Amino acid sequence: MGFRDAGHRQVRFLTAALCRHDMTHMNVVMTGANGFIGRALTRRLLDESASPLGALARLTLVDLQLPDGDVRCVRKIAGSIADPTVLARAFDTPVDLVFHLASVPGGMAEQNFDLGRQVNLDATLSLLEIARSRPTSTGKPLIFVFASSIAVLGSPLPPLVDDATPLKPALSYGAHKLIGEVLVEDFSRRGWVDGRSIRLPGIVARPPQRTGQLSAFMSDIIRELAEGRPFACPVAADATTWLMSVPRVVDNFLHAAAMPVPSGARSWTLPALHASMRQLVQAIEQVYGQQARDKVSFTSNPALEANFGRYPPLHTPAADAAGFKHDGDLKTLVRRALEST
């Protein structure tokens, strides 16, 4: 059985575990549901082979804008999570599980501090407060899965990053995410929620649209070279990063919701593939058969490289022991990267 088949088999098992964990007829809320990860996670939750529709009484999707169309058990709420009336609508019936994905991304949060704070920080606290104050259908604390980020680590990074690496965010976005982790931990300590925070690496491939993500080039290079188009990479060929495909990060979100939380652990840096841009280009060439090396040019943007191109080897024993996974190898990552876009 191949790695990909094994991954899908694991997700079916984890989703079944999610349903067994008192998920039958439960209500789920997802913020940031119209983002590229949110859309992929929604599709997985509604895929009967991975998560039978009967497992959920309601899936409430929250984002600034949501696509048209009706799906059984899905409710859509268009609006900002910074708006208390939006959160009140999302929690107008008992909620048992929250996937909190919504955020103002790094570049945009750096340019507009007030907006970043309102969405990334203030709204996260408001979401936790309303989760604390409302009942669940099971009588147990609400499961709160928080999309954190490797931005909490900051830069420059040490020669090796592991579970003992200090958290020193260099941007407002990373600071907001770190505070969010602390809040999730504190609310969980008090028994108000059952929180789990997972730090996402570079997720590929995001759709080709302007979202304020400074790391978008990591997705663009896969998409453009896979289609045989030239690409000017804004970092050097030997710039290194941590990567994970959209399908694999969805696997990890489902696992975060399903698993029993180990004692003393609430936040995990996800395992990711450590690769240079040159190695990524080679994998794209191997998968898509394009002469990718002839179509890519490299420049060096020092500021961009400082934040996204100098990642050292990554060692994640806590996440590994908890059952989180990376894509296995670069060829698998490249094949999976465009599946959900």
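## Chatting through a predicted chain

Q: Among contacts in the chain between residues at least 6 apart in sequence, what share joins residues at least 24 apart?
A: That share is 77%. A contact here means heavy atoms within 4.5 Å.

Q: What kind of model is it, and what are the ground rules?
A: It's a predicted model, where local features need pLDDT of at least 70 and side-chain atom pairs count only at pLDDT 80 or more, while totals for chains, interfaces and linings use all residues. Residues are numbered from 1 along each chain as its sequence is written, and side-chain values use heavy atoms, leaving out hydrogens and water.

Q: What's the mean pLDDT of the chain?
A: The mean is 88, and 88% of the residues reach 70 or more. pLDDT is the predictor's confidence in each residue, from 0 to 100.

Q: Where does pLDDT stay under 50?
A: Over residues 1-22, for which the model has 40 contacts beyond four places in sequence. Where pLDDT is low, the predicted coordinates should not be read in detail.

Q: How many helices and strands are there?
A: The chain has 13 helices and twelve strands. Both are DSSP runs numbered from the N terminus: helices are H or I with at least four residues, strands E with at least two.

Q: And what percentage of the chain is buried?
A: Of the 341 residues, 55% are buried. Buried means under 20% relative accessible area, exposed over 50%, and partly exposed in between, using a 1.4 Å probe and protein chains only.

Q: Why call helix α7 largely enclosed?
A: Because eight of the ten residues of α7 (residues 217-226) are buried, the rest of the structure largely encloses this helix. Among the buried ones are Phe 217, Met 218, Ile 221 and Arg 223. Just after α7, Gly 228 takes a positive phi of about 80 degrees.

Q: Switching topic, at what angle do α2 and α8 pack?
A: Helix α2 (residues 36-45) and helix α8 (residues 246-258) pack at about 65 degrees, with axes 10 Å apart. Axes are lines fitted to C-alpha atoms, for helices over the stretch in contact, and angles run from 0 to 180 degrees between N-to-C directions.

Q: Which residues make that contact?
A: Phe 36, Ala 40 and Arg 44 of α2 are among them, as are Val 250, Asp 251 and Phe 253 of α8.

Q: Last one: is Ser 188 buried or exposed?
A: Ser 188 is buried, with a relative accessible area of 8%. This serine sits in helix α6 (residues 172-189). Not counting residues up to four places away in sequence, Ser 188 touches Val 193, Asp 194, Gly 195 and Arg 266.
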